[in-house]
Amino acid sequence: MNTSIETRPPSDSGGGLRAALVWCVALVLICGVVYPTAATLLGGLLFPQQARGSLILREGRAVGSALVAQNFADARYFRPRPSAANYDPKALSGSNLASSNPALRERIAADSAAIAAREGVAATAIPADLVTASGSGIDPHISPAAAELQAARVARARGLPPEQVQALIRSHTLHRTFGVFGQPRVNVLELNLALDALPPAAG
(Lines give C-alpha, C1' and ligand atoms only; values in the text may rest on other atoms or scores of the structure.)
Protein backbone atom coordinates (compact mmCIF):
# COMPACT_ATOMS: atom_id res chain seq x y z
CA MET A 1 0.00 0.00 0.00
CA ASN A 2 1.47 3.22 -1.13
CA THR A 3 1.23 6.21 1.14
CA SER A 4 1.78 9.80 0.05
CA ILE A 5 2.47 12.80 2.14
CA GLU A 6 0.27 15.79 1.28
CA THR A 7 2.22 18.98 1.00
CA ARG A 8 0.83 22.54 1.04
CA PRO A 9 2.42 25.54 -0.60
CA PRO A 10 3.83 28.04 1.87
CA SER A 11 1.45 30.90 2.71
CA ASP A 12 2.14 34.19 0.97
CA SER A 13 2.19 36.40 4.08
CA GLY A 14 4.17 39.06 2.24
CA GLY A 15 1.50 39.40 -0.44
CA GLY A 16 -1.23 39.97 2.17
CA LEU A 17 0.82 42.69 3.83
CA ARG A 18 1.37 44.41 0.49
CA ALA A 19 -2.35 44.34 -0.26
CA ALA A 20 -3.15 45.82 3.15
CA LEU A 21 -0.61 48.60 2.64
CA VAL A 22 -1.98 49.37 -0.83
CA TRP A 23 -5.53 49.67 0.53
CA CYS A 24 -4.32 51.79 3.43
CA VAL A 25 -2.56 54.23 1.11
CA ALA A 26 -5.53 54.28 -1.29
CA LEU A 27 -7.99 55.08 1.49
CA VAL A 28 -5.75 57.82 2.88
CA LEU A 29 -5.54 59.42 -0.56
CA ILE A 30 -9.28 59.08 -1.24
CA CYS A 31 -10.53 60.18 2.19
CA GLY A 32 -7.74 62.62 3.05
CA VAL A 33 -7.01 64.24 -0.31
CA VAL A 34 -9.46 63.49 -3.11
CA TYR A 35 -12.74 63.83 -1.18
CA PRO A 36 -11.84 67.01 0.79
CA THR A 37 -10.46 68.66 -2.36
CA ALA A 38 -13.55 67.77 -4.39
CA ALA A 39 -15.90 68.89 -1.61
CA THR A 40 -14.05 72.21 -1.23
CA LEU A 41 -14.04 72.92 -4.97
CA LEU A 42 -17.69 71.94 -5.46
CA GLY A 43 -18.75 73.87 -2.37
CA GLY A 44 -17.01 76.99 -3.62
CA LEU A 45 -18.56 76.54 -7.05
CA LEU A 46 -22.14 75.75 -6.01
CA PHE A 47 -22.34 77.77 -2.79
CA PRO A 48 -19.71 80.54 -3.03
CA GLN A 49 -21.23 82.76 -0.34
CA GLN A 50 -21.59 79.98 2.23
CA ALA A 51 -18.14 78.58 1.41
CA ARG A 52 -16.62 81.94 2.36
CA GLY A 53 -18.36 81.90 5.73
CA SER A 54 -21.48 83.86 4.71
CA LEU A 55 -19.53 87.06 5.29
CA ILE A 56 -21.40 90.35 5.15
CA LEU A 57 -19.43 93.08 3.38
CA ARG A 58 -19.83 96.83 3.64
CA GLU A 59 -17.68 99.03 1.40
CA GLY A 60 -15.45 96.04 0.68
CA ARG A 61 -14.87 95.29 4.37
CA ALA A 62 -16.19 92.28 6.25
CA VAL A 63 -18.35 93.44 9.17
CA GLY A 64 -19.44 90.00 10.30
CA SER A 65 -21.07 86.77 9.24
CA ALA A 66 -24.75 86.05 8.74
CA LEU A 67 -24.13 82.84 10.71
CA VAL A 68 -22.46 84.32 13.80
CA ALA A 69 -24.07 86.49 16.46
CA GLN A 70 -22.41 89.68 17.68
CA ASN A 71 -23.05 91.45 20.95
CA PHE A 72 -24.52 94.95 20.62
CA ALA A 73 -24.51 97.09 23.76
CA ASP A 74 -25.51 100.45 22.22
CA ALA A 75 -29.16 101.39 22.78
CA ARG A 76 -29.42 102.24 19.07
CA TYR A 77 -29.14 98.55 18.14
CA PHE A 78 -31.14 95.39 18.56
CA ARG A 79 -29.58 92.86 20.88
CA PRO A 80 -29.10 89.13 20.20
CA ARG A 81 -29.70 86.13 22.42
CA PRO A 82 -27.39 85.53 25.39
CA SER A 83 -24.27 83.51 24.59
CA ALA A 84 -22.64 80.89 26.78
CA ALA A 85 -19.62 81.17 24.46
CA ASN A 86 -19.37 84.97 24.84
CA TYR A 87 -20.13 85.26 21.10
CA ASP A 88 -16.80 83.62 20.24
CA PRO A 89 -17.09 81.41 17.12
CA LYS A 90 -13.95 79.55 18.22
CA ALA A 91 -15.61 78.47 21.46
CA LEU A 92 -18.99 77.14 20.35
CA SER A 93 -20.90 75.85 23.34
CA GLY A 94 -24.12 75.90 25.28
CA SER A 95 -24.25 76.37 29.00
CA ASN A 96 -25.19 72.68 29.49
CA LEU A 97 -27.18 73.70 32.54
CA ALA A 98 -30.43 71.87 33.21
CA SER A 99 -33.60 73.91 33.61
CA SER A 100 -33.59 72.95 37.30
CA ASN A 101 -30.06 74.26 37.85
CA PRO A 102 -30.08 77.16 40.37
CA ALA A 103 -27.29 78.97 38.50
CA LEU A 104 -29.34 79.01 35.29
CA ARG A 105 -32.43 80.22 37.11
CA GLU A 106 -30.48 83.01 38.79
CA ARG A 107 -28.97 84.10 35.48
CA ILE A 108 -32.37 84.12 33.74
CA ALA A 109 -33.91 86.09 36.59
CA ALA A 110 -31.11 88.68 36.46
CA ASP A 111 -31.32 88.96 32.65
CA SER A 112 -35.11 89.26 32.79
CA ALA A 113 -34.89 92.10 35.29
CA ALA A 114 -32.27 93.90 33.20
CA ILE A 115 -34.26 93.52 29.97
CA ALA A 116 -37.49 94.61 31.63
CA ALA A 117 -35.80 97.78 32.90
CA ARG A 118 -34.08 98.49 29.58
CA GLU A 119 -37.16 97.93 27.40
CA GLY A 120 -39.75 99.27 29.84
CA VAL A 121 -41.83 96.09 29.88
CA ALA A 122 -42.90 93.52 32.43
CA ALA A 123 -40.56 90.57 32.90
CA THR A 124 -43.41 88.21 32.00
CA ALA A 125 -43.64 89.83 28.54
CA ILE A 126 -40.06 88.93 27.55
CA PRO A 127 -39.80 86.20 24.87
CA ALA A 128 -37.88 83.14 26.02
CA ASP A 129 -35.16 83.46 23.40
CA LEU A 130 -33.96 86.79 24.87
CA VAL A 131 -33.05 85.09 28.16
CA THR A 132 -31.94 81.65 26.94
CA ALA A 133 -28.76 80.87 25.04
CA SER A 134 -28.73 78.67 21.95
CA GLY A 135 -26.92 75.33 21.81
CA SER A 136 -24.12 76.79 19.69
CA GLY A 137 -23.81 80.00 21.71
CA ILE A 138 -23.63 82.10 18.53
CA ASP A 139 -27.13 81.84 17.03
CA PRO A 140 -27.46 85.02 14.93
CA HIS A 141 -31.27 85.07 14.98
CA ILE A 142 -33.97 86.17 17.38
CA SER A 143 -37.71 85.69 17.11
CA PRO A 144 -39.86 88.45 15.58
CA ALA A 145 -41.43 88.87 19.03
CA ALA A 146 -37.98 89.49 20.55
CA ALA A 147 -37.27 92.10 17.88
CA GLU A 148 -40.66 93.78 18.36
CA LEU A 149 -39.98 94.04 22.10
CA GLN A 150 -36.87 96.13 21.37
CA ALA A 151 -38.38 98.27 18.61
CA ALA A 152 -39.58 101.11 20.85
CA ARG A 153 -36.20 101.49 22.54
CA VAL A 154 -34.30 101.45 19.22
CA ALA A 155 -36.70 103.94 17.65
CA ARG A 156 -36.38 106.26 20.63
CA ALA A 157 -32.57 106.07 20.65
CA ARG A 158 -32.41 106.85 16.93
CA GLY A 159 -35.19 109.43 16.85
CA LEU A 160 -37.17 107.34 14.37
CA PRO A 161 -40.92 106.70 14.21
CA PRO A 162 -41.68 103.33 15.86
CA GLU A 163 -43.68 102.35 12.78
CA GLN A 164 -40.56 102.68 10.61
CA VAL A 165 -38.55 100.41 12.86
CA GLN A 166 -41.38 97.88 13.02
CA ALA A 167 -41.65 97.89 9.22
CA LEU A 168 -37.91 97.20 9.04
CA ILE A 169 -38.35 94.22 11.35
CA ARG A 170 -41.11 92.81 9.15
CA SER A 171 -39.03 93.23 6.00
CA HIS A 172 -36.14 91.33 7.63
CA THR A 173 -38.22 88.51 9.06
CA LEU A 174 -37.33 85.14 7.55
CA HIS A 175 -40.21 82.68 7.47
CA ARG A 176 -40.17 78.92 7.83
CA THR A 177 -37.97 77.16 5.28
CA PHE A 178 -40.26 75.73 2.59
CA GLY A 179 -43.10 76.82 4.88
CA VAL A 180 -42.43 73.86 7.18
CA PHE A 181 -38.98 73.80 8.75
CA GLY A 182 -37.81 76.05 11.56
CA GLN A 183 -39.44 79.12 13.02
CA PRO A 184 -39.83 82.73 11.82
CA ARG A 185 -36.64 84.58 12.72
CA VAL A 186 -34.74 87.83 12.33
CA ASN A 187 -31.01 88.09 11.73
CA VAL A 188 -29.83 90.66 14.29
CA LEU A 189 -26.69 91.77 12.43
CA GLU A 190 -28.51 92.27 9.14
CA LEU A 191 -31.30 94.18 10.89
CA ASN A 192 -28.81 96.47 12.63
CA LEU A 193 -26.96 97.11 9.38
CA ALA A 194 -30.28 98.01 7.74
CA LEU A 195 -30.86 100.49 10.58
CA ASP A 196 -27.48 102.10 9.95
CA ALA A 197 -28.34 102.40 6.26
CA LEU A 198 -31.42 104.51 6.98
CA PRO A 199 -31.13 108.26 6.35
CA PRO A 200 -30.57 110.29 9.52
CA ALA A 201 -33.70 111.27 11.38
CA ALA A 202 -34.81 114.86 10.86
CA GLY A 203 -33.70 117.05 13.72
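**Close-up views of a predicted model**

View 1. Leu57 has Ala62 in β2 as its bridge partner. This is a predicted model, in which local features need pLDDT of at least 70 and side-chain atom pairs count only at pLDDT 80 or more, while totals for chains, interfaces and linings use all residues. Residues are numbered from 1 along each chain as its sequence is written, and side-chain values use heavy atoms, with hydrogens and water left out. Strands β1 (residues 55-58) and β2 (residues 61-65) run antiparallel and are joined by 4 bridges (strands pair if DSSP finds at least two bridges between them; strands are E runs of at least two residues and helices H or I runs of at least four, numbered from the N terminus). Between the strands of this hairpin lie 2 residues, and Glu59 takes a positive phi near 55°.

**View 2. Around Phe78.** Leaving aside residues up to four places away in sequence, Phe78 touches Phe72, Ala147, Gln150, Ala151, Val154, Val165, Ile169, Val188, Leu191, Asn192 and Leu195 (contact means heavy atoms within 4.5 Å).

**View 3. The largest pocket.** Here, about 200 Å³ of space lies in the largest pocket (on a 1 Å grid over the protein atoms alone, a pocket is an open set of points where a 1.4 Å probe fits, with protein on both sides within 12 Å along at least five of seven lines; lining residues have an atom within 4 Å of a point). Its volume is the space filled by probe spheres set on the points. Helix α3 (residues 102-119) gives the most to the lining, with 4 residues. Among the lining residues are Asn71, Tyr87, Asp111 and Arg118.
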